[in-house]
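Me: I am new to this structure. Please walk me through how to read it, one feature at a time.

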Amino acid sequence: MFQVYIRSTDKDRTLMSAYCVLSGMFPPLNGSDEQWNTEINWQPIPVHTIPLDEDFLLNTQAPCPRFNELEADFFKSEFVANFTSRYQDLINNASKLSGLPPTLVGLMIIVDTLFCEYTHHLNMSEWETVLPLHPLVIQLLDYENTYLFYTEEMAKLRGGKFLFIKSDGTCFKHTKII
């Protein structure tokens with residue numbers, strides 16, 4: 001019998017992912033006492049978590065004053081200024097439709113929802129006149145998912161012990177997965 005310890009963030013989405021992965025990795029052995037129901041090829045495996053505000057290992061949103069400083073610098077960067085300048089009309093129109101501030105941050109708050117609605121072919125008639133949907137939404141998703149790791153220091157602060165590969169493919173020094 002295997003002994004595993006599984007840790008997840010305290011979010012429904014990540015808990016469900018952990019349970020799904022475990023069901024595929026550790027199906028019950030046929031005919032064993034692990035197989036409690038022959039109709040369901042599944043066995044319960046506990047997933048451990050702690051409250052998000054106490055989780056400094058897996059929670060990428062955990063409070064971190066230094067990261068907040070670096071993030072503020074990022075949003076003042078030439079990169080963000082150029083992007084905002086290039087897409088200011090889009091940002092303003094998205095702000096009118098969403099009620100969020102007319103900033104890149106305001107747009108990034110809704111980009112995941114827009115992508116999901118677009119992917120699932122939901123009615124987006126109001127948004128279709130505002131967004132040149134697919135290419136820009138993908139680009140915004142990339143920004144949303146990478147700005148947390150914009151610099152090596154930001155990556156170390158938000159990636160925790162599990163982020164050990166830099167964008168160039170090399171490993172951070174002194175990083176060890178246990």
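Predicted model: local features only at pLDDT ≥ 70, side-chain atom pairs only at ≥ 80, totals over all residues.

Me: How many helices and strands does the protein have?

Reply: Helices (H or I, at least four residues) and strands (E, at least two) are DSSP runs, numbered from the N terminus. Here there are 8 helices and 0 strands. From the N terminus, the order reads α-α-α-α-α-α-α-α.

Me: What share of the residues is buried?

Reply: Buried means under 20% relative accessible area, exposed over 50%, and partly exposed in between (1.4 Å probe, protein chains only). Of the 178 residues in the protein, 31% are buried. The accessible surface, from the Shrake-Rupley method with a 1.4 Å probe, comes to about 12,300 Å². Carbon and sulfur atoms hold 57% of that surface.

Me: What share of the contacts joins residues at least 24 apart?

Reply: Contact means heavy atoms within 4.5 Å. Take the contacts between residues at least 6 apart in sequence: 52% of them join residues at least 24 apart.

Me: Now a helix pair. At what angle do helix 2 and helix 8 cross?

Reply: Axes are lines fitted to C-alpha atoms, for helices over the stretch in contact, and angles run from 0 to 180 degrees between N-to-C directions. The axes of helix 2 and helix 8 (residues 152-159) cross at roughly 135 degrees and come within 10 Å. Angles under 35 degrees count as roughly parallel, over 145 as roughly antiparallel, 65 to 115 as roughly perpendicular, and the rest as oblique. Helix 2 and helix 8 are therefore oblique. Residues in this contact include Phe67, Leu70 and Phe74 of helix 2, and Met154 and Leu157 of helix 8.

Me: What about helix 4 and helix 5: at what angle do they cross?

Reply: The axes of helix 4 (residues 88-98) and helix 5 (residues 104-119) cross at roughly 60 degrees, coming within 9 Å. So helix 4 is oblique to helix 5. Leu90, Ile91, Ala94 and Ser98 of helix 4 meet Leu104, Leu107 and Ile110 of helix 5.

Me: On to single residues. Is Asp55 buried or exposed?

Reply: Asp55 is buried, because its relative accessible area is 0%. Asp55 sits in the loop between helix 1 (12-25) and helix 2 (65-75).

Me: Which side chain makes a polar contact with Asp55?

Reply: A polar contact is a pair of N or O atoms within 3.5 Å; within protein, one must be able to donate a hydrogen and the other to accept it, and residues adjacent in sequence count only if both atoms are side-chain atoms. The partner of Asp55 is Arg7, at 2.8 Å between side chains. Beyond four places in sequence, Asp55 also touches residues including Thr9 and Ile50.

Me: Where is Thr9, and which side chain does it pair with?

Reply: Thr9 is in the segment before helix 1. Thr9 counts as buried because its relative accessibility is 12%. The Thr9 side chain makes a polar contact with that of Thr14, at 2.6 Å.

Me: Last one. Which residues does Ile45 touch?

Reply: Not counting residues up to four places away, Ile45 touches Val4, Tyr19, Leu22 and Phe26. Ile45 and Leu22 are 23 residues apart in sequence, yet 7.2 Å apart C-alpha to C-alpha. Ile45 is buried, with a relative accessible area of 15%.

Notes: Residues numbered from 1 in each chain as written. Heavy atoms only, no water.
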